[in-house]
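The sequence and the coordinates come first.

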Amino acid sequence: MTPSRTTTCLLLLTVPVVLILCLLAGPAGFGLPDTSTPAGRALLELRLLRVVTGFVVGAALALSGCALQAILRNALAEPYVLGVSSGSSLGAALMIVTGLAQLTPLALPAGAFVVGGLTLLLVCLMSGRAGHYSPNTLILVGVVASSMLSSLLMFVIALADTLALHSITWWMMGNLQATSWTLVLIVTVLIAISAALLFSQTPALNALLLGSETARHLGVETRIVLPLVLGAAALATSAAVSLAGCIGFVGLIVPHTLRRVVGANHRRLLPATTLCGGAFLVVCDTLARLLFAPREIPVGVITALSGGPFFLHLLLRNHETHETP
Amino acid sequence: MTAAGQADACPSRRSASNETRNQKPETSQWRRVIVCGLSLSLLTACIRQDPLPADSGMRLVSTAPHLTECVCAIGAGHLLVGRTATCDHPPEVVSEIPVTGDFAVPWLEPLLAVRPTHVLETVLSDPALRDRLTALNIPVVHVPCTRLDQIPDALRQLGVLCDRSTRANQLADEIQSGIESARQAASSCQARPRVLLLFAPDVPITAGRNAFVTTLLELAGGVSAGHDLETNYLRVSLEWIIEQDPDLLLCIFATARPPLEIYAGQTGWRSLRAVRSGRVYTVTDLNTVSRPGPRVLDGIAQIKAVLDQDAERFAKQSPTPDRP
């Protein structure tokens, strides 16, 4: 067995243990809640829903980040680089401000999902006008779209009343307390579809690491694969964001860390990233629930605090590599 | 024929074109005069200054809705020349006052445009603003009014400032005695339900022991589920709420749907005893329970009405049943 295969097997065994430990931990104490009482059953259901939500969202963000880093051939690419987070935030803010979010619990995730998806569609259409997708054009158009949508979001926030302002702010900070199993199920199905699409493209992703020109010579239909991978990554990101808001850094640091652990081969990297992304977010969320209990801090704070230094390290290391002749 | 000859050959055309050339500047001059006139009149209308209040030279700007309410309650509403966008009471007075900022965030230019003599604040988002206004010879009057016990003193302070001491002292005494009698009634109350205060429909934000609403709730005869929490307003975990299992939920936020509907459909919330038994309420006027102002006794009465209504509905149930 090669070292990376051993590591992958170890990860496969560790992830369920971590998830179970997180399921047992909560502000009400460590251990399985007493399921003979209604409150105990409610606690268990709540933790289960939270762990499932955290896992699904973390897995989607990490998977999407990994795929985008491969096709954009940019170490700093992450799920939000193409403007999905700004689009989704704007969609959610519009739902909150117009009052639709209060009418039905599905309105807010639906709004976030639709606007996030539309943003990516628009970015892809504008970047791919020449018939092929250049990573730099995609990133630049994504950044411009993201800035424009952020400005629109600020405009909406400026006009919003206090309650709506609070709701938007809390939504943007990320929240893994899903309102119902139905919503989690819908999002899980969407993420599973995109995961299946991405897993089916692992040989193409490996080839794309060498550049789209080389990949074409190797027989990869880049005109089909690139939009497919972009679309699948966007679907996963929009679905995750619509369920849990904008949680940063998961899609950036998990793929990079795993690339060092299991290697750059996407056949192993994609499943490992998916599993570990999910587990990482569940652990961060458990910390967010426990550190200042009963007060709950936004999970994005924990992911950013652990991801921020990593991001800087990555940035500085890249800088040094470029400077060294 | 030469070019000159051609020009001479049609003198009528030349004179006509000259006329047009002569007329054009005249028309555009008239147009300019009209545009200038209109702009000037528009500008004059914009910078038209309001006449000073008749009885004194005092022109007040309030930077908090409860300060606006206090000023109006002591009969000095006519002295206000600026208010916040959130000020909405008393409606007949505030509708006449121009908006000069948000709560705790005065907008400098509109504020200066109303030529205030005093700016009233209880808290400012940017403390440096006080120095800027002072440098412009506009005194910023700090009126401490964020807690229940500060309301009477705030009214008295404003009474002295606006020369309405008699009315202010009378109102302050009324509020003080009202609070005292509510306190006595609450202490003699036998069954005090444990109430969870909620401030947002999507995130569980509750109030700690020292929050203004908690004080009102306890004067109305309830016990706050967040009584052990030090912070005024905080986001708590749903797990903690399930552990507390309050007798009833009191929603301090505006909602399009009945609040019970919001929680009955959500995992975790629907397992709460209060939600299962339909004991989820809101108050009719959210501002009276969240603003430390002159309507505080109404606020206490509103919460008391909710608790009484709940007690009537669930008279047969024990108000503090065994917690799981």
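Which side chains meet in a salt bridge at 3.1 Å, N to O, with B:Arg147 as one partner? The partner of B:Arg147 is B:Asp149. A salt bridge here is a side-chain nitrogen of Lys or Arg within 4 Å of a carboxyl oxygen of Asp or Glu. B:Arg147 is partly exposed at 43% relative accessibility; the scale calls a residue buried under 20% relative accessible area, exposed over 50% and partly exposed in between, with a 1.4 Å probe and protein chains only.

The model is predicted: local features need pLDDT of at least 70 and side-chain atom pairs count only at pLDDT 80 or more, while totals for chains, interfaces and linings use all residues. Residues are numbered from 1 along each chain as its sequence is written, chains are lettered from A and ligands numbered from 1 in the order in which they are written, and side-chain values use heavy atoms, with hydrogens and water left out.

**Chain B**

Chain B has 14 helices and 12 strands. These are DSSP runs numbered from the N terminus, helices being H or I with at least four residues and strands E with at least two. Of its 324 residues, 46% count as buried. The chain exposes about 16200 Å², and carbon and sulfur atoms supply 56% of that area; accessible areas come from the Shrake-Rupley method with a 1.4 Å probe, and for residues only the protein chains shown count as cover. Taking contact as heavy atoms within 4.5 Å, residues 24 or more positions apart make up 57% of the contacts in chain B with a separation of 6 or more.

**Salt bridges**

Over all chains, the search finds 21 salt bridges. Some of them are listed here.

| Pair | Closest N to O distance |
|---|---|
| B:Glu69 and B:Arg295 | 2.7 Å |
| B:Arg273 and B:Asp245 | 3.1 Å |
| B:Arg235 and A:Glu296 | 3.6 Å |

The pair B:Glu69 and B:Arg295 forms a salt bridge and links distant parts of the chain, 226 residues apart: B:Glu69 is in helix α3 (residues 65-73) of chain B, and B:Arg295 is in the loop between α13 (286-290) and α14 (296-313) of chain B. B:Glu69 is buried, at 3% relative accessible area, and B:Arg295 also counts as buried, at 12%.

**A buried glutamate**

B:Glu121 sits in strand β5 (residues 118-121) of chain B and is buried, with a relative accessible area of 4%. Its side chain makes a polar contact of 2.4 Å with the side chain of B:Arg130. A polar contact is a pair of N or O atoms within 3.5 Å; within protein, one must be able to donate a hydrogen and the other to accept it, and residues adjacent in sequence count only if both atoms are side-chain atoms. Beyond neighbours within four places in sequence, the contacts of B:Glu121 include B:Thr63, B:Leu67 and B:His142.

**The interface**

The contact takes 31 residues from chain B and 29 residues from chain A. The two chains bury about 2600 Å² between them, 58% of it from carbon and sulfur atoms; buried area is the accessible area (1.4 Å probe) that two parts lose on being put together, summed over both. In chain B, the residues that lose the most area to chain A are B:Arg235, B:Glu239 and B:Thr267, together 32% of what that side buries.

Across the interface of chain B and chain A there are 4 salt bridges and 7 residue pairs in polar contact, both residues at pLDDT 80 or more. α10(B) gives the most to the side of chain B that touches chain A, with 5 residues. A network of salt bridges links A:Arg47, A:Arg50, A:Asp285, A:Arg289, A:Glu296, B:Arg235 and B:Glu239.

**Backbone details**

Most residues other than glycine have a negative phi, and most peptide bonds are trans. A cis peptide bond joins B:His89 and B:Pro90, with omega about -10 degrees. B:Asn137 has a positive phi, near 65 degrees, and is exposed at 69% relative accessible area.
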